[in-house]
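I set aside some time to go through this model by hand and to write down what I looked up. The entries below follow the order in which I looked.

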Amino acid sequence: MKNKIITALTAVFVAVAALAGTTATAPEASARVTSGNYTYTTVSFGVPSKSKAVIRGNALTVYAPVGVQRYRLHQTRSGGYFDVMGTRYVLRKQRGGIYSGPTQWGPVVIGHSTLVPRR
């Protein structure tokens with residue numbers, strides 16, 4: 001039941017964002033998210049998820065429980081971001097090679113995500 005409610009809420013938010021035509025913009029690219037192996041953690045609408053991830057150039061591959069997911073990573077001065085069905089995942093460089101930032105649905109922050117290097 002909880003999964004159905006979350007899925008329904010996500011669908012509503014995506015539809016409203018598409019109708020409103022809202023987008024967030026990122027600054028011009030001049031730095032890169034470092035290629036390598038990471039642990040990707042995200043929390044959206046209070047629901048956590050943790051998966052292995054690999055970055056090669058501008059490609060982010062997440063080995064999620066629902067299957068392998070591939071995203072185009074847009075590099076920015078402070079890290080990067082990628083978009084999935086109207087949701088923007090921002091990854092800003094932190095200490096220790098960690099990238100983290102808000103998860104946004106249009107202008108609304110709905111969670112956060114983190115990439116931690118796997119050694």
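**Ground rules.** I am working with a predicted model, in which local features need pLDDT of at least 70 and side-chain atom pairs count only at pLDDT 80 or more, while totals for chains, interfaces and linings use all residues. Residues are numbered from 1 along each chain as its sequence is written, and side-chain values use heavy atoms, with hydrogens and water left out.

**Overall fold.** I looked up the secondary structure and found 1 helix and 9 strands in the protein chain, where helices (H or I, at least four residues) and strands (E, at least two) are DSSP runs numbered from the N terminus. Along the sequence the pattern reads α-β-β-β-β-β-β-β-β-β. Of the 119 residues, 35% are buried; here buried means under 20% relative accessible area, exposed over 50%, and partly exposed in between, with a 1.4 Å probe and protein chains only. I also noted that, among contacts with a separation of 6 or more, 38% are between residues 24 or more positions apart, a contact being heavy atoms within 4.5 Å.

**The sheet.** In which order do the strands lie in the sheet? The 9 strands form an open, antiparallel sheet in the order E4-E3-E2-E1-E9-E8-E7-E6-E5, and two strands are taken to pair if DSSP finds at least two bridges between them. Strands E4 (67–72) and E5 (74–76) stand at the edges with a single partner strand each, so one side of each has no neighbour in the sheet. Neighbouring strands are turned by 25 degrees against each other on average, direction ignored, with axes as lines fitted to C-alpha atoms (for helices over the stretch in contact) and angles running from 0 to 180 degrees between N-to-C directions.

I followed E2 (residues 47–56) into E3 (residues 59–64), which run antiparallel and are joined by 5 bridges, with Arg-56 opposite Ala-59. Their hairpin has 2 residues between the strands, and Gly-57 there takes a positive phi near 65 degrees. E3 then pairs with E4 in the antiparallel sense through 6 bridges, where Val-62 stands opposite Gln-69, and the hairpin that joins these strands also runs through 2 residues.

**Arg-70.** I picked this residue out of strand E4, where Arg-70 counts as exposed at 62% relative accessibility. Not counting residues up to four places away in sequence, Arg-70 touches Leu-60 and Thr-61.

E6 (residues 79–84) and E7 run antiparallel with 6 bridges, and Gly-79 has Arg-92 as its bridge partner in E7. In their hairpin, with 2 residues between the strands, Met-85 has a positive phi near 45 degrees. E7 goes on to pair with E8 over 5 bridges, and the hairpin between E7 and E8 has 5 residues, with Gly-96 at a positive phi near 75 degrees. Since 5 of the 7 residues of E7 are buried, this strand is largely enclosed by the rest of the structure.

**Salt bridge.** How many salt bridges are there? The count comes to 1, taking a salt bridge as a side-chain nitrogen of Lys or Arg within 4 Å of a carboxyl oxygen of Asp or Glu. Asp-83 pairs with Arg-88, their closest N and O atoms lying 2.7 Å apart. Asp-83 is partly exposed at 37%, whereas Arg-88 is buried at 12% and stands opposite Gln-104 in E8.

**Gln-75.** Is Gln-75 buried or exposed? Gln-75, in strand E5, counts as buried at 10% relative accessibility. Its side chain reaches the backbone nitrogen of Val-33 at 2.5 Å and makes a polar contact with the side chain of Asn-58 at 3.2 Å. A polar contact is a pair of N or O atoms within 3.5 Å; within protein, one must be able to donate a hydrogen and the other to accept it, and residues adjacent in sequence count only if both atoms are side-chain atoms.

**Core.** The largest nonpolar core has 15 residues, and Phe-82 and Leu-115 have the most contacts inside it; such a core is a set of buried Ala, Val, Leu, Ile, Met, Phe, Trp, Tyr and Cys residues joined through side-chain atoms within 4.5 Å. Two or more residues each come from E1 (36–44), E2, E3 and E7 (87–93), and E3 gives the largest share, 3 residues. Leaving aside neighbours within four places in sequence, Leu-115 is in contact with residues including Tyr-38, Ala-53, Ile-55 and Leu-91.
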